[in-house]
Amino acid sequence: MNEVSFNRLSSTRFEEFWFDLLDACGFVNVDWRKGTGLASSPADKGRDIVCDLPRTDPDGSRHFERYFVDCKHFKKGVPPKELRNLLAWAEADRPDVAVFAVSNFLSNPAKDYIESYRRNNHPPFKIKYWEKPQLVRMAARKIALQRKYRLTDAPIRSVRQILAAEEELGTRLWYGRSNAAEELRAQGTPEDIIKGALRGQRDAERRFGKKSLMENVKSDWDWGFLSGKVSAIRWVLGDEWDMLDS
């Protein structure tokens, strides 16, 4: 998402994006204070979104931090005057954290204003500002969210590609588990099953090469890596995580 631009989003859409992002990041009781289905919102006193962040203390007890989030969708640096509503409301209602969520950047005078406010007012709440770099990091692995707001063109593999990869990985897993003919005979395996197993081994070697297949089993790490791939791709296809039958 390094080259992503939020400029294509409207102000309302940018607020909606933050609502979804906060929910995806583990915040709870997320309340978007838009108050209307119209494109413009009523006065929200700087609190575009109110939400809680669950916290666990060292003794295991849990509590919530209340966040007031003011979304600032500016193509240029956000000026100091745009910060006053949230700070005034936070002084009155005392959240734990007041956040300016910015689509690009705060202006340098705005950052100086925040530092001066902290120094002179000693507010009983933390003040944070999340600019574009922080926003990009927070949304980096949330591909579905990026796609919903058309922030990425990252490709998603087709079902055909996924099925082909699952078949290859399953074959590699089976090959790694298969035994030599001598071992099968020692176990009392019938000859017709042994012949079938040998045909399967030769077919796998013809398709992927014996050297490549043996790379999957040369160490516990390589075997675990293969197993993890199989588990992940089968989860995508609807199986449980530990489904490794082959």
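A crossing is called left-handed if the near helix is turned anticlockwise from the far one by less than a right angle, and right-handed if clockwise. Helices (H or I, at least four residues) and strands (E, at least two) are DSSP runs numbered from the N terminus. This is a predicted model, in which local features need pLDDT of at least 70 and side-chain atom pairs count only at pLDDT 80 or more, while totals for chains, interfaces and linings use all residues. Residues are numbered from 1 along each chain as its sequence is written, and side-chain values use heavy atoms, with hydrogens and water left out.

**Stop 1: two helices.** Select α1 and α4. The crossing of α1 and α4 is left-handed. Their axes (lines fitted to C-alpha atoms, for helices over the stretch in contact, with angles from 0 to 180 degrees between N-to-C directions) come within 11 Å and cross at roughly 50°. That makes α1 oblique to α4, a word for angles that are not under 35 degrees (roughly parallel), over 145 (roughly antiparallel) or 65 to 115 (roughly perpendicular). Now show side chains: F14, F17, W18 and L21 of α1 meet L135, M138 and A139 of α4, where contact means heavy atoms within 4.5 Å.

**Stop 2: the sheet.** Select the strands. Five of them form an open sheet of mixed pairing, ordered β1-β2-β3-β4-β5; two strands pair if DSSP finds at least two bridges between them. At the edges are β1 (28–32) and β5 (126–130), each pairing on one side only. From one strand to the next, the twist averages 25°. Zoom in on β3 (residues 62–72) and β4 (residues 97–102), which pair in the parallel sense over 6 bridges. Pick K72, and you will find its bridge partner V102 in β4.

**Stop 3: helices on the sheet.** Bring back α1 (residues 11–24): this helix packs on the sheet and touches β1, β2 (49–56), β3, β4 and β5.

**Stop 4: the cores.** A nonpolar core is a set of buried Ala, Val, Leu, Ile, Met, Phe, Trp, Tyr and Cys residues joined through side-chain atoms within 4.5 Å, buried being under 20% relative accessible area with a 1.4 Å probe, protein chains only. Which residues touch the most other members of the largest one? Select F6, F17, W18, Y67 and V69, out of 27 residues.

Notes
Buried < 20%, exposed > 50% of the residue type's maximum accessible area, 1.4 Å probe, protein only.
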